[in-house]
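I wanted to look up the charged side chains in this model. My notes are below.

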Amino acid sequence: MVTKAMRGNLLGNAGDAFGLIGAALYDRFEQEDEIDRRVRKAFVDNIDKAPEQSHAERAIVEKILATASDIESKGRRVPGTVGESVDKFSKWNQGESSAWGMTKA
């Protein structure tokens with residue numbers, strides 16, 4: 001007779017085994033760096049074929065760059081976030097505070 005405790009232990013062991021198998025397969029086939037390299041290469045190879053930006057698109061890019069510059073110059077880096085994949089800043093504007101995160105490519 002299989003008790004509840006034994007069933008839980010058997011399922012726990014099976015879950016651990018599947019977890020180990022999944023981790024081993026991920027380690028074997030993980031190619032994030034290779035995929036990133038291929039995406040960057042495809043971008044560089046095809047940038048000449050990209051259409052011209054419209055006036056509205058240029059305005060959006062300029063606004064984003066201005067916002068990033070404003071955050072970097074007037075914002076304060078959130079302590080303990082140096083070296084993370086997202087630069088985190090806090091900014092106070094006219095009595096209101098806001099949090100900003102920027103990824104850098």
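These entries cover salt bridges, then a charged patch.

I am working from a predicted model, where local features need pLDDT of at least 70, side-chain atom pairs count only at pLDDT 80 or more, and totals for chains, interfaces and linings use all residues. Residues are numbered from 1 along each chain as its sequence is written, and side-chain values use heavy atoms, with hydrogens and water left out.

Entry one: salt bridges. I looked for a side-chain nitrogen of Lys or Arg within 4 Å of a carboxyl oxygen of Asp or Glu. I found three salt bridges in the structure. Arg37 pairs with Glu34, with the closest N and O atoms 2.6 Å apart. Glu34 also meets Arg38, at 2.9 Å from N to O. I noted Glu34, Arg37 and Arg38 as a linked network of salt bridges. Asp45 pairs with Lys41, their closest N and O atoms being 2.7 Å apart.

Entry two: positions. I checked the helices (DSSP runs of H or I, at least four residues, numbered from the N terminus). Glu34 and Arg38 sit four residues apart in helix H2, about one turn of the helix. Asp45 and Lys41 are also four residues apart in helix H2.

Glu34 is partly exposed at 26%. Arg38 is partly exposed at 48%.

I looked for residues with over 30% relative accessible area and no salt bridge, like charges being joined within 9 Å and nonpolar side chains (Val, Leu, Ile, Met, Phe, Trp, Tyr) within 5 Å. Asp27, Glu30, Glu32, Asp33 and Asp36 form a negative surface patch.

Notes: Areas by Shrake-Rupley, 256 points an atom, 1.4 Å probe, with all protein chains shown as cover. Lys, Arg positive; Asp, Glu negative; His and termini not counted. Charge placed at Lys NZ, Arg CZ, Asp CG, Glu CD. Buried < 20%, exposed > 50% of the residue type's maximum accessible area, 1.4 Å probe, protein only. Helix = DSSP H or I, 4+ residues; strand = E, 2+ residues; numbered from the N terminus.
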